[in-house]
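Me: Could you walk me through the aromatic rings in a protein model? I am new to this, so please take it step by step.

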Amino acid sequence: MSERLKVRFAYQRGFQIVEGSTILAAFEDPVEAFKFVRDRGARVWLDWGRTVIAGETGQYDFAASFLQSSVGRILKNQWGSLSGTWLWSISTSDPRFRRHGGQRGNAATKDEAVFELEREFTRFIAETEKYRR
């Protein structure tokens with residue numbers, strides 16, 4: 001089993017968990033899909049692209065999205081005592097995902113920042129019940 005699994009929307013079928021071209025499971029509820037991924041020691045494979053602010057992209061600035069909704073960001077620290085490390089944060093305007101107040105941290109490399117953000121986002125969605133008000 002892969003350490004990263006895709007969760008995708010399946011029209012009229014809810015959400016599918018996919019490894020490569022193989023459908024591993026399907027759920028009506030995205031929380032259950034994320035629990036499936038988490039319980040296998042994996043993380044959800046988010047979509048990544050450059051962060052765009054006012055039409056400009058930063059050299060060391062990347063945005064994560066899930067089902068076309070922005071869910072987080074990684075950014076290389078350029079100055080100060082953390083210069084060269086990567087900041088990661090879960091931040092989203094989607095009300096389904098934002099009640100937790102945001103997880104964030106630092107990582108030594110870009111790959112570690114991607115890992116941390118994907119892992120924490122997977123955990124957050126899988127444990128959504130804890131964050132409901």
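This is a predicted model: local features need pLDDT of at least 70, side-chain atom pairs count only at pLDDT 80 or more; totals for chains, interfaces and linings use all residues.

Me: How are the rings of Tyr60 and Trp86 arranged?
Reply: Their centres are 6.4 Å apart, and the angle between the planes is 80°. Planes over 60 degrees apart count as edge-to-face. So the arrangement of Tyr60 and Trp86 is edge-to-face.

Me: How far apart in sequence are the parts that this pair of Tyr60 and Trp86 ties together?
Reply: Tyr60 belongs to strand β6 (residues 56–66), while Trp86 belongs to strand β8 (residues 86–90). The pair therefore joins parts whose separation in sequence is 26 residues.

Me: Is Trp86 buried or exposed?
Reply: Look at its relative accessible area, which is 7%. Buried means under 20%. Trp86 is therefore buried.

Me: What kind of aromatic pair do Phe62 and Trp86 form?
Reply: Here the centres are 6.2 Å apart, with 35° between the planes. Stacked needs under 30 degrees and edge-to-face over 60, and the rest count as tilted. The pair of Phe62 and Trp86 is therefore tilted.

Me: Which residue lies over the face of Phe62?
Reply: Phe62 is buried, as is Trp86. A charged residue lies over the face of Phe62, at 3.9 Å from the ring centre. That residue is Lys110.

Definitions and conventions:
Residues are numbered from 1 along each chain as its sequence is written. Side-chain values use heavy atoms; hydrogens and water are left out. Rings of Phe, Tyr and Trp (its six-membered ring) pair if their centres lie within 6.5 Å; planes under 30 degrees apart count as stacked, over 60 as edge-to-face and the rest as tilted. Helices (H or I, at least four residues) and strands (E, at least two) are DSSP runs, numbered from the N terminus. Buried means under 20% relative accessible area, exposed over 50%, partly exposed in between (1.4 Å probe, protein chains only). A charge sits over a ring if NZ of Lys or CZ of Arg is within 6 Å of the ring centre and within 35 degrees of the ring normal.
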